[in-house]
Amino acid sequence: ATLLLEDLKAVVQDGYRRKLLQSTPHLILLSPYFYTTQLKPRLARWMLIWLRGQALRGLTDEATIAYLLSSPKSATTTSSGGSSGGGGAAGFDPALLRDVSDEHMKMLNLTRDWLSLLCPFVLSRVHRVAYGLLSAEDLEKALAADPLMPQSRRLLAVPFVGKDVPSRHSEFSHPDVPIGFSILAYCYNGMRAADFAQAMECLHELMELEQGPYTKRKACRLWA
């Protein structure tokens with residue numbers, strides 16, 4: 001894993017040097033071709049580590065990587081993991097999926113969708129220009145205009161219509177997109193005071209539900 005991260009770091013630095021990635025104000029994908037040929041294969045190997053951690057069985061490492069790098073439209077599979085027709089990516093035999101469990105097939109399909117479609121889309125957008133979290137001031141204005149504003153807009157990233165100008169009502173159409181944008185927004189923006197207070201409250205509640213000495217409870221150790 002360490003070697004893979006070092007390799008990925010070197011590729012990112014090369015992307016900056018060749019103007020295929022932008023480093024200001026943060027990493028921004030400028031070249032879909034660079035993502036497909038350089039970043040995607042390495043991210044697929046990184047996701048293989050995660051999938052093995054989820055006890056993925058029934059596929060070799062090579063077959064798993066081949067599936068993750070295939071186009072979501074290149075092979076149609078049933079939820080139980082069997083092939084329902086259609087061709088696979090070069091070097092990948094869809095029949096190999098017959099031994100993959102339903103749960104792991106869902107993980108594979110979700111991972112492939114992220115690698116092929118969602119990740120390059122999310123990485124190509126600029127924080128606080130195309131998406132971002134509502135600031136405390138934004139939240140106050142939004143709640144004044146709409147007291148019944150959904151919880152999702154309070155906690156997740158929302159579309160922006162310009163620099164530091166969140167959309168008043170728009171939502172992202174794909175349900176996974178705000179998850180990716182929210183992760184990046186919290187990384188770039190940090191936790192808001194209300195987020196930190198809520199996280200501490202949740203940890204305290206979890207600690208009260210757990211058993212054993214306080215210092216050995218999972219929530220308490222995470223708190224510390």
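This is a predicted model: local features need pLDDT of at least 70, side-chain atom pairs count only at pLDDT 80 or more; totals for chains, interfaces and linings use all residues.
Two strands are taken to pair if DSSP finds at least two bridges between them. Strand S4 (residues 158-162) is joined to S5 by two bridges, the two strands running antiparallel. Within this arrangement, Phe160 stands opposite Pro166 of S5.

The loop between S4 and S5 contains Asp164. The phi angle of Asp164 is near 60 degrees, a positive value in a residue other than glycine. With a relative accessibility of 39%, Asp164 counts as partly exposed. A positive phi is also found at Arg128, again a residue other than glycine, with a value near 65 degrees. Arg128 is located in the loop between H4 and S3. The relative accessible area of Arg128 is 16%, and buried means under 20%, so this residue is classed as buried.

Helix packing was examined next. Helix H1 (residues 2-17) and helix H2 (residues 32-53) have axes that come within 11 Å and cross at roughly 160 degrees. Angles over 145 degrees count as roughly antiparallel, and H1 and H2 are therefore assigned to that class. The crossing of these two helices is left-handed. On the H1 side, the contact is made by Leu4, Leu5, Asp7, Leu8, Val11, Val12, Asp14 and Gly15, while H2 contributes Phe34, Gln38, Leu39, Arg42, Leu43, Arg45, Trp46 and Ile49. Classified by residue type, the contact of H1 with H2 comprises ten nonpolar, two polar and four charged residues.

H2 also packs against helix H4 (residues 102-123): the axes of H2 and H4 come within 11 Å and cross at roughly 140 degrees. The two helices are therefore oblique to each other, and H2 passes H4 in a right-handed crossing. The residues of H2 in this contact are Tyr35, Lys40, Leu43, Ala44, Met47, Trp50 and Leu51, which meet Met107, Leu108, Thr111, Trp114, Leu115, Ser116, Cys119, Pro120 and Leu123 of H4. By class, the contact of H2 with H4 has 13 nonpolar, two polar and one charged residues. Leu43 of H2 takes part both in the contact with H1 and in the contact with H4.

A further backbone feature concerns the peptide bond between Thr24 and Pro25, which is cis, with omega about 0 degrees. Pro25 lies in the loop between strand S1 (21-22) and strand S2 (28-29).

Notes. Residues are numbered from 1 along each chain as its sequence is written. Side-chain values use heavy atoms; hydrogens and water are left out. Axes are lines fitted to C-alpha atoms, for helices over the stretch in contact, and angles run from 0 to 180 degrees between N-to-C directions. Helices (H or I, at least four residues) and strands (E, at least two) are DSSP runs, numbered from the N terminus. Angles under 35 degrees count as roughly parallel, over 145 as roughly antiparallel, 65 to 115 as roughly perpendicular and the rest as oblique. A crossing is left-handed if the near helix is turned anticlockwise from the far one by less than a right angle, and right-handed if clockwise. Contact means heavy atoms within 4.5 Å. Ala, Val, Leu, Ile, Met, Phe, Trp, Tyr, Cys and Pro count as nonpolar, Asp, Glu, Lys and Arg as charged, and the others, Gly among them, as polar. Buried means under 20% relative accessible area, exposed over 50%, partly exposed in between (1.4 Å probe, protein chains only).
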